[in-house]
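Please find below a colleague's note on the model under review. The sequence and structure are shown first.

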Amino acid sequence: MRFVVAGAVIRPAPSGAGAELLLAQRSYPADVAGLWELPGGKLAPGETAEQALVRELAEELAVTVAVGAALSEQVPLRADLTLVAHWARVLDGVPRAVEHHGLTWVDADRLAAMAESGVLVPADTAWVPELLTYLRRQDSGEPS
Ligand SMILES: Nc1nc2c([nH]c(=O)n2[C@H]2C[C@H](O)[C@@H](COP(=O)(O)OP(=O)(O)OP(=O)(O)O)O2)c(=O)[nH]1
């Protein structure tokens, strides 16, 4: 089994209420180009999910991240490929779309509207309830 790891990159909302999540707009392949995802990629041989996420987000966003706990859902993509996600925070740098069409920080209401309108990569909808619960928390402390 191979794994893809995605980062639920979060920050306190500038308004002070709740938190925001970073979404990235895929540029390929054609079936998902234009849809929004949690940035990340496949684990290289011998890498842990945490190591792969640090590497992928450095490559894709030009930032250094601290990787936290895994989200609870693991999403089967194919018989031999499973998608997992970890919470992450930017330690250094400002995210930039190196490989994606664009980036956007969303609050809970915006994420819910995007999920509703079908602009998320389909597999990622599995995480929406857990993401919304965190983004709506008032203290935006460590995800539990
Ligand atoms: N990174 C990422 N991939 C996702 C998500 N949801 C989802 O279905 N995928 C799929 C798309 C791809 O089939 C696979 C990972 O592709 P990728 O293009 O990000 O990974 P990569 O850079 O390591 O792969 P590659 O293009 O070099 O083959 O997982 C997601 O939220 N983030």
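1. Basis of the note. The model is predicted: local features require pLDDT of at least 70 and side-chain atom pairs count only at pLDDT 80 or more, while totals for chains, interfaces and linings use all residues. Residue numbers start from 1 along each chain as its sequence is written.

2. Secondary structure. Three helices and eight strands are found in the chain; helices (H or I, at least four residues) and strands (E, at least two) are DSSP runs numbered from the N terminus. Their order from the N terminus is β-β-β-β-α-β-β-β-β-α-α.

3. Overall dimensions. The C-alpha trace spans about 40 × 30 × 30 Å along its principal axes.

4. Of the 144 residues in the chain, 28% are buried. A residue is buried if 20 or more other C-beta atoms lie within 10 Å of its own, exposed if 12 or fewer, and partly exposed in between, with C-beta atoms placed from the backbone. Among contacts with a separation of 6 or more, 67% join residues 24 or more positions apart; a contact requires C-beta atoms, placed from the backbone, within 7 Å.

5. Ligand shell. The shell around the ligand holds 13 residues, of which Glu37, Gly40, Gly41, Lys42 and Ala123 come nearest; a residue is near a molecule if its C-beta atom, placed from the backbone, lies within 6 Å of it. β1 (2-12) and β4 (40-42) each supply at least two shell residues, and the largest share, three residues, comes from β4.

6. Helix α1. Ala62, which follows α1, has a positive phi near 60°.

7. Leu131. This residue lies in helix α3 (residues 128-136). Leu131 counts as buried because it has 25 C-beta neighbours inside 10 Å. Leaving aside residues up to four places away in sequence, Leu131 touches Ala8, Leu21 and Leu111.

Methods:
Two residues are in contact if their C-beta atoms, placed from the backbone, lie within 7 Å.
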